[in-house]
Amino acid sequence: MNITMTERNNTINVNLSQVSEQSQGTAKISVRDLNLFYGEKQALYSLAMDIQEKEVTALIGPSGCGKSTFLRTINRMNDLIDGVKINGDIIIDNENIYESNDVIKLRTKVGMVFQKANLFPMSIYDNVAYGPRMQGIKNKNKLNEIVEESLRGAAIWDEVKDRLKTSALGLSGGQQQRVCIARAIAMKPEIILMDEPTSALDPISTLKVEELIANMKKDYTIVIVTHNMQQAARVSDKTAFFLNGEIVEYDLTDKIFSMPKEKRTEDYITGRFG
Ligand SMILES: Nc1ncnc2c1ncn2[C@@H]1O[C@H](COP(=O)(O)OP(=O)(O)OP(=O)(O)O)[C@@H](O)[C@H]1O
């Protein structure tokens with residue numbers, strides 16, 4: 001850590017009082033004084049937030065403000081980038097993920113869905129069964145069960161059940177994205193990170209994915225980056241507004257969109273910049 005204990009305790013006290021207003025349910029993810037540097041360039045500044053269990057939390061803000069960078073810290077995807085330095089804490093279920101070396105376990109618990117569907121050039125079935133097979137599950141009936149359950153969970157079973165053995169790349173973009181969600185679900189995660197999951201989709205597919213997200217929150221804690229403010233308003237319980245690597249405001253989505261406390265939030269959501 002780059003900061004002394006005294007400074008650090010002060011920071012934590014300030015941050016805890018900031019987040020206490022937002023905390024209502026159980027925090028699944030607690031972020032404390034999180035800073036991230038790409039080489040010399042700082043991209044995240046002293047972030048603090050509690051993300052509640054089985055809620056949808058949206059991250060909004062203009063391009064380059066650090067939303068995706070922050071999202072990737074939650075399953076340590078930034079560790080794969082050269083020259084990244086991170087300090088501060090992310091606590092998931094009472095465990096500081098940056099103090100544990102079990103990144104595989106973390107990424108099983110914290111699944112991710114990307115902007116563009118990134119299915120493997122293999123069948124729909126094999127795409128969804130890929131992760132469970134890598135975890136050592138070989139039993140055919142068990143795999144069948146996981147594949148069906150995951151595709152149902154991603155609201156795409158009925159559309160693909162008769163073509164499970166055909167190439168996943170033959171599906172439409174919206175269907176591929178729901179198979180990506182099924183692939184994430186197949187790993188039985190508790191948290192699902194979504195980085196602009198509908199930005200490459202048409203409006204109808206977007207609505208399907210949004211409905212899916214709304215249904216999924218009974219089972220999962222979801223954190224979603226979106227550029228689409230209507231989408232944040234439609235799908236999320238809480239919204240964090242990012243600007244220049246900082247969280248300007250984090251609150252109930254209804255409040256952020258109807259009565260933001262900060263002028264900068266208001267300017268952004270009313271389209272004055274970004
Ligand atoms: N791999 C990287 N190496 C160096 N700098 C990076 C890297 N990835 C992101 N950055 C920088 O970090 C800052 C935050 O980027 P990030 O992609 O997290 O923002 P964002 O809010 O998700 O943007 P967008 O909405 O455009 O996706 C930007 O200045 C970006 O240029």
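How do the residues of the shell around the ligand divide into nonpolar, polar and charged?

Tutor: This is a predicted model, in which local features need pLDDT of at least 70 and side-chain atom pairs count only at pLDDT 80 or more, while totals for chains, interfaces and linings use all residues. Residues are numbered from 1 along each chain as its sequence is written.

The shell around the ligand comprises 4 nonpolar, 6 polar and 1 charged residues. Here Ala, Val, Leu, Ile, Met, Phe, Trp, Tyr, Cys and Pro count as nonpolar, Asp, Glu, Lys and Arg as charged, and the others, Gly among them, as polar. The residues around the ligand are Tyr38, Ala43, Gly61, Ser63, Gly64, Cys65, Gly66, Lys67, Ser68, Thr69 and Ile81. With 3 residues, helix α2 (residues 67–73) gives the most to this shell; helices (H or I, at least four residues) and strands (E, at least two) are DSSP runs, numbered from the N terminus.

Asp33, placed in strand β1 (residues 27–38), is not a glycine, yet has a positive phi of about 50°. Asp33 counts as buried because it has 20 C-beta neighbours inside 10 Å. A residue is buried if 20 or more other C-beta atoms lie within 10 Å of its own, exposed if 12 or fewer, and partly exposed in between, with C-beta atoms placed from the backbone. Asp93, in the loop between β4 (84–92) and β5 (95–96), also is not a glycine and has a positive phi of about 50°. Asp93 has 14 C-beta neighbours inside 10 Å and therefore counts as partly exposed.

Technical notes
Near = placed C-beta within 6 Å.
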